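Please look at the sequence and the structure before reading on.

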Amino acid sequence: MRFSRRLGSDTGQNALSALLERLAADGETILNLSDSNPTRCGLSPGGVLEALSDPACLRYRPDPRGLESARLALAGRFGGDAGSYFLSASTSEAYSWVFKLLCDPGDSLLVPKPGYPLFDSLAGLEAVRAVPYRLEYSHPGGWAIDMDDLAAAAEASGAKAVVVINPNNPTGSYASRAERSAIVDTCAERGMAVIADEVFYPYAIEAGDSRSRFGGEDGCLTFSLDGLSKLLCLPQMKLGWMRVSGPRGEADEAGSRLEHIADTYLSAGAPAMNALPALLGKADALVASVRERLSANLASARSVFGGDGSPYRVLRCDGGWTALLEYPRYDSEERTALGLLREELVAVQPGYFFDMERDGYLALSLILDPVVFAEAARRVRRYIDALSLVRTAHRVVS
Ligand SMILES: Cc1ncc(COP(=O)(O)O)c(C=O)c1O
């Protein structure tokens, strides 16, 4: 075979994106409840172009860790010292650097399930295995990490690291303080690292106060990942960062090895790094306005899908940009999502995209304009309610 196995054999388009593309080509207006691109949803901070107009943006001063002024600004906001930060072109790229740092081909990493579908790709491209650990839902308490499953998966796979998404996408669940210390203890005992993706951390919605960042953790080797794509709704700026922490010797060695990897690519762009201090100054105001929108859309989903005896349930959503809707399963998730797109012109991601344990969930993006979100949610309810009528009619006839 000419090509490597890193990509797997299935590189084609799924039925849902093929239909979406066809309808868009036919000129249909689609309400996209799966849109997670903030630049299409009217979310962005003001003053971005001004921040990019400094002539310093034109200077090239390569540094494997990234421009020092940018790292000082990160240390000022998130703690630690400038030397513990690495700038990359995105959070996804930072993952690939950490995977290269920790893993040889064939090694394993533990990843949350349900979780963000990008991991299989990111792991596959580095020739490593993503081994799932379970999250369990109980209503209305919310999601919890199945620590027994995590420990068993670590034992069976000999994983090099545990990936924690804090809060997780699409479950919206933060690692509680107790979960955080159990994970750190397990990692310290087994010589594993924590890779904590904290891109959605500031976007708390229904979270209580039992949440904390992994960034700066010193109980075990820890890589905390973040970036402009969520913190400032600027994915097009292509700037991510990670903070390395842990027991002194280990963190120092990880830092100097990462420096070698980062120096090979030198991928963060000078304009974005230069603008970072000014952009970080806009983060609090932007996060506050995005949180307002997330809360408004979650409330709207609860109102559309609620009501006495409703067969729908919007799961508890502590934070992040996605809510999970549990709906009555008159049809499979795939056929429901295809039907919604064909008949109601609403695009929505089925739960199986995120490896939910069973069928019957849809993931709703909470960053849409609230008017569009409410209309799309009403159409979802209308379509699934109509399926229930068809089923009842079938029962009456037969
Ligand atoms: C949990 C999580 N981490 C990382 C990313 C990607 O971030 P970046 O654009 O910085 O690669 C996403 C994108 O949706 C995400 O959901």
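## Basis of the model

The model is predicted: local features need pLDDT of at least 70, side-chain atom pairs count only at pLDDT 80 or more, and totals for chains, interfaces and linings use all residues. Residues are numbered from 1 along each chain as its sequence is written, and side-chain values use heavy atoms, with hydrogens and water left out.

## The ligand and its surroundings

The shell around the ligand consists of Ser-90, Thr-91, Ser-92, Tyr-116, Ile-165, Asn-169, Asp-197, Val-199, Phe-200, Ser-229 and Lys-230. A residue is near a molecule or strand if one of its heavy atoms lies within 4 Å of it. By class, four residues of this shell are nonpolar, five are polar and two are charged. Here Ala, Val, Leu, Ile, Met, Phe, Trp, Tyr, Cys and Pro count as nonpolar, Asp, Glu, Lys and Arg as charged, and the others, Gly among them, as polar. Helix 4 (91–102) and helix 8 (228–231) each supply at least two residues of the shell. Helices (H or I, at least four residues) and strands (E, at least two) are DSSP runs, numbered from the N terminus.

A polar side-chain atom of Ser-92 is 2.6 Å from a ligand oxygen. For an N or O atom in the side chain of Ser-229, the distance to an oxygen atom of the ligand is 3.0 Å, and for one in the side chain of Lys-230 it is 3.1 Å. The protein buries 89% of the 400 Å² that the ligand exposes when taken alone; accessible areas come from the Shrake-Rupley method with a 1.4 Å probe, and for residues, only the protein chains shown count as cover.

Strands of a sheet pair through backbone hydrogen bonds, either parallel or antiparallel. An open sheet of eight strands has the order 2-9-8-7-6-3-4-5, with mixed pairing. Two strands pair if DSSP finds at least two bridges between them. Strand 2 (85–88) and strand 5 (142–145) are the edge strands, each pairing on one side only. From one strand to the next, the twist averages 25°.

Strand 3 (residues 108–113) and strand 6 (residues 161–165) pair in the parallel sense over two bridges, and Leu-110 has Val-162 in strand 6 as its bridge partner. Strand 4 and strand 5, in contrast, pair in the antiparallel sense over four bridges, with Leu-135 opposite Ile-145 in strand 5. These two strands form a hairpin with three residues between them.

Helix 6 (residues 147–157) lies across strand 3, strand 4 (129–138), strand 5 and strand 6, and runs at about 170° to strand 4. Contact means heavy atoms within 4.5 Å. Axes are lines fitted to C-alpha atoms, for helices over the stretch in contact, and angles run from 0 to 180 degrees between N-to-C directions.

Another open sheet has four strands in the order 10-11-14-13, with antiparallel pairing. Its edge strands, strand 10 (313–314) and strand 13 (349–350), each pair on one side only. Strand 10 and strand 11 (residues 322–326) are joined by two bridges in the antiparallel sense, and Val-314 stands opposite Leu-325 in strand 11.

## Backbone features in loops

Most residues other than glycine have a negative phi, and most peptide bonds are trans. The peptide bond from Lys-113 to Pro-114 is cis, with omega near 0°; Pro-114 is in the loop between strand 3 and helix 5 (118–125). The bond from His-139 to Pro-140 is also cis, with omega near 0°, and Pro-140 lies in the loop between strand 4 and strand 5.

Leu-266, a residue other than glycine, has a positive phi near 40°. Leu-266 belongs to the loop between helix 9 (248–265) and helix 10 (270–280).

Methods
A polar contact is a pair of N or O atoms within 3.5 Å; within protein, one must be able to donate a hydrogen and the other to accept it, and residues adjacent in sequence count only if both atoms are side-chain atoms.
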